[in-house]
Structures are given as structure tokens and as C-alpha cells.
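Dear colleague,

Please find the structure below, followed by a short account of what was found in it.

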Amino acid sequence: MKNVVIVGCGLFGSVCGRILAEKGFSVTILEKESYVGGLAYDYKYQNSNIMVHKFGPHILNLDHSEVYDFLSRFCILVPVDVKRKVYVNNRMIPLPLNLESIKMIIGEERFIQVYQNLVRFFPKDEVLLGELTSCENEEIRTLGRMIYDKVYLGYNIKMWGKRPEEVNSTILQRMPIRLNYNKRLTRCRHQVVPQEGYHDLLCNMLNHGNIEVKVKTDGTEVIKIAEGGTIYYKEKEFQDILIYTGPIDELFDFEYGKLQYRSIRFKNQLKKNNIDDSAAVITYPDNYKKTRTTDMRMLIDQPDKVTVWVSEYPGEYVRRSKKYGKPSYPVNDSCDVEIMEKYKKKADLVDGLYLGGRLAEYKYYSMEETVLSAINCAEEINKKYGNKAI
């Protein structure tokens, strides 16, 4: 049976590694950071009981029992009810947008007429922003444009460094607006977090006799892919299995150019008061350079005399930068699509190479989608190289 080397010990690499280890593969995971977990890494803040999500709020919104059951093997998953708001017109307005949000944006007097038109043109529980902006009713079109301008435009310019239409013109048009008063963040079956945190979850997952994790090890420095598709590991020809979860352009030494990623700088503040008494996450479309702030005490209901506010400041990813040196989100505009297609074709020619996760596949994944993708990847490898079916 072949050995497996995984570059990156985030959620994808950890799930894939655990499944393959249980099937008898010898797994080595290379992690550039000094910790495991990737962007889901969390820790207790200083001398408090507050668990801080180092890279912003991570909530498991799960619909697939396969994912829920797999993660439950390594932790106790506890339900949470995360409330969000957006700061508009100097007021905290509920997210996801619903009828209460609309009333607060346009005012109570105007809302009565707008509501009557919404019910007449959209007799359903939810409408897309694009449906509002393209509606034949002028009042509804005006509402759609107002929501676009006040809630989404500024946030997306800060988040992506571009106007929404420069990245993907359809994204904002697909934003849902609820035509009821439901404030629940998700309609998934489970909205949960690991009781002892993600770091504990991942450490439990990686605790297997067939897994070796090497932290502070940059996979791109010890792995090279030569012309013709031969993989070299520590300067020796590698004929086993390589699972790569880092930026795909780095793996191929930027042969076809650099892909665009956005990075986030995080600022922590120790506070005694909640940021808002009824919401844990506040989004800021305008007014501030930050895009959002999370109150960690309220996020997962942690009793303590203090709390930690974690604020996010997006910027362009610059490799090895101190502020913006961690790639987080693929930009994926039209130029990136062309470049990525070239890297994907080259990767397909490399025997034993598997790409996984949002950086390597250059696409956005939710946490549930990441776990499902990792399970499928492990299944594919096991069917081809292993002795047992998953």
C-alpha cells in the first residue's frame, strides 16, 4: 500500500488523513504553521474562559448526516443560535435581511406600502435581490437598489477590493431577502460548534498511529513538480500519493501567473461589554475600514466577566507579508478563471496528485462542503490504491 503525504493540516487535510489512516495508509501531514486546524484554529484568550476563533467566526452549518456523524466521532457538537446584524444608517439592522430589516432601512410609514407590493409581486417566504432590482414595480426596484447600495456594495468593495460586478456580477443578485420575520442565520438541520473548540476536534482526529504531523514545515519547499509531471519530495523522486491543499499557483511555481486571493487581518480587543446585546456578529458596509466584528463571548454563549471582539480588515494577499500573508478567499474573476484552467490541466497530468480545499481547487467551500469533498477524495484514493472500501 502506498504512503500518503498531505500538504496542509486544515480541515480538508485532517479529514482526508484520518480516513486514509484508518484504511491502513501511512500518512504524513506537512503544516507550515505551528498549529493544526488552518483557518478554523481557535484558542483560549489569555487568562479568560473565552474561546477565540483566530480567523473569524466558524460555525458548522450541517445538512448531511454523513458529515455530522463523522465529526461527532471526535468531539461533542453543541447547538448555537448565532445572531447577526449590519450597521446601516447608524442603526443595527438584523441579518439575514427580513421584513424587520426593510422596515428599519426605509422607515415605518413607507414600509406599509412597500410591504403590500412585496406580497403582491412575491407571494413567497424569500426573494432574491436580483428579483427586487428587476421587478416591474418601480417602488420595489427602488427598494432593491437601496438594499444593494446600503447593505452590500460597501462591504463587497472592502472585502474584494473591487465592485461586485468586477468579480462576479451574479453573486449579489442571488442574495436572499426573507419576506417574513425569521432571524435565524441558516435553514440547515444543524448549526453547531465543537464543545471544546476546533483545535481539540482536529487534534482528536489526527490522533492515530498511522498519522504523523510535521508543523513548521512548508510543503512547497520540500515538494517540487518537474516538467513532465514527476513529483520530487525532499529532492527524491516521489512515487506515492500527494494531497495538496495550499495555493495551486505556488505548487507550480507560478508558471502561468499568480492567482488573486484576498487575505484578512484580525484585531483582537479585550472588552467588558457586549458589542450588541442581541447579536454576536456585526457587519459594517461603510463607516469603518473593517468589514465585521465578532463578539466571541456571545458567539458560542461563553460565560465570563470579559469578552473578546475580533475585527476583520480585508486586503490583497501578498505572499510572505506580515499583515496579509495568509490567503483566505479566491477572488476568481475572469482572468483567474483562465489561469486556473491552465493549472488544473497541468495538475491532471501529474500521477498521484490530488488537489483539495478552497486554495488548491480555487473555489469557495463551506466547512460542510470541505468535509464532504475530503471524504470523497479519500474514497477515491482508497478505491484506487487501498484494500478496503470506505
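In helix α8 (residues 198-206), the residues Tyr198, Leu201, Leu202, Met205 and Leu206 are buried, buried being under 20% relative accessible area with a 1.4 Å probe and protein chains only. Helices here are DSSP runs of H or I with at least four residues, and strands are runs of E with at least two, numbered from the N terminus. Viewed down the axis of α8, the buried residues lie within an arc of 125 degrees, so they line one face of the helix; the arc is taken from the directions from the helix axis to the C-beta atoms.

This is a predicted model, in which local features need pLDDT of at least 70 and side-chain atom pairs count only at pLDDT 80 or more, while totals for chains, interfaces and linings use all residues. Residues are numbered from 1 along each chain as its sequence is written, and side-chain values use heavy atoms, with hydrogens and water left out.

Strand β16 (residues 241-244) is covered on both faces: Ile241 and Ile243 are buried on one side, and Leu242 and Tyr244 on the other. Strand β1 (residues 4-7) pairs with β16 in the parallel sense over four bridges, pairing requiring at least two DSSP bridges between two strands. In this pairing, Val7 stands opposite Tyr244. Strand β22 (residues 353-355) also runs parallel to β16, joined to it by three bridges, and Tyr354 of β22 stands opposite Ile243.

Yours sincerely

Key. Buried means under 20% relative accessible area, exposed over 50%, partly exposed in between (1.4 Å probe, protein chains only).
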